[in-house]
Amino acid sequence: MKIAALIPAYREEKHLGQVVRETKAYLQDVLVIDDGSPDRTADIAREAGATVLVNQENLGKGDTLVRGLNHLFENGYDAALCLDADGQHLPAEIPRFLEAAAGADLVVGNRMADVRDMPFARRWTNRVTSWILSRLAGVSVPDTQCGYRLVGKNAWQNVCLQTRNFDFEGEMIVKMGRKGFRIASVPITTVYGDEVSAINPMRDTVRFFKMVWRLWLTKD
């Protein structure tokens, strides 16, 4: 399989260079999508050896991932390994995804095997949302909100996703599960550092339940 790493980034000049360099130890091709950052995010990604596309304005994570996935699959890649730019996802765990990709169309990281360092609110939220989305998808996925994932070309090109915010990754699992694509999970470590979450608890909770209601009413 021809696989590239895909890293969406917004104002990530502090950690991005190290993430790209460590990722290139496992995957030669790294695509960074700079989501309209006002700092040196794009320059640092290029200096670290990544191919860089720049959004002229801040579009958000969902639209940025859509652009990156479409770009890679239109240019001959069979799968894309998505990981965050802020250092929360360890590139050293990339081999786990590559091994699982031999038997799966979507491989999702699982942070829930060891939650000792996970904030209680996030732990509770992840478990509840993962239970709901697993029921909708028809397949058990322990950590549906995890953005560290490997997405296969065939699965991506055969689902139509309507969301573009932080519910995007959950909808992907439900739609691919319903289509019968093989979904696997691999244990990962999440590093909590100085990153600031872009999730708005009230707004994104409302968006999540709107998506759940829509998916409950439809079977596509």
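This is a predicted model: local features need pLDDT of at least 70, side-chain atom pairs count only at pLDDT 80 or more; totals for chains, interfaces and linings use all residues.
For me, buried means under 20% relative accessible area, with exposed over 50% and partly exposed in between (1.4 Å probe, protein chains only). My helices (H or I, at least four residues) and strands (E, at least two) are DSSP runs, numbered from the N terminus.

Residues are numbered from 1 along each chain as its sequence is written, and side-chain values use heavy atoms, with hydrogens and water left out.

**More on α1**

Which residues of α1 (residues 16-23) are buried? I got L16, G17, V19, V20 and T23. Looking down the axis of α1, I see these buried residues fall within an arc of 165 degrees, so they line one face of the helix. The arc is that of the directions from the helix axis to the C-beta atoms.

**Whole chain**

I listed eight helices and seven strands for the chain. Along the principal axes, the C-alpha atoms fill a box of roughly 45 × 35 × 35 Å. Of the 220 residues, 50% count as buried. I also checked contacts (heavy atoms within 4.5 Å): among those between residues at least 6 apart in sequence, 72% join residues at least 24 apart.

**Core**

Next I looked up the largest nonpolar core, which has 66 residues. Such a core is a set of buried Ala, Val, Leu, Ile, Met, Phe, Trp, Tyr and Cys residues joined through side-chain atoms within 4.5 Å. I7, V32, W156 and M176 have the most contacts inside it. The largest share of this core, six residues, comes from β1.

**Cysteines**

How many disulfides are there? I count zero, taking a disulfide as a pair of cysteine sulfur atoms within 2.5 Å. For C82, the nearest cysteine sulfur is that of C146, 11 Å away. Both are buried, C82 with a relative accessible area of 4% and C146 with 0%.

**D84**

I found D84 in the loop between β4 (79-82) and α4. D84 is buried, at 17% relative accessible area. A polar contact of 3.4 Å joins the side chains of D84 and K61. My rule for that is a pair of N or O atoms within 3.5 Å; within protein, one must be able to donate a hydrogen and the other to accept it, and residues adjacent in sequence count only if both atoms are side-chain atoms. Beyond four places in sequence, D84 is in contact with I7, V19, K61 and H89.

**S134**

Last stop was S134, in helix α5 (residues 120-137). Is S134 buried or exposed? At 13% relative accessibility, S134 counts as buried. The S134 side chain reaches the backbone oxygen of S130 at 2.7 Å. Not counting residues up to four places away in sequence, S134 touches V139, S140, V141 and T144.
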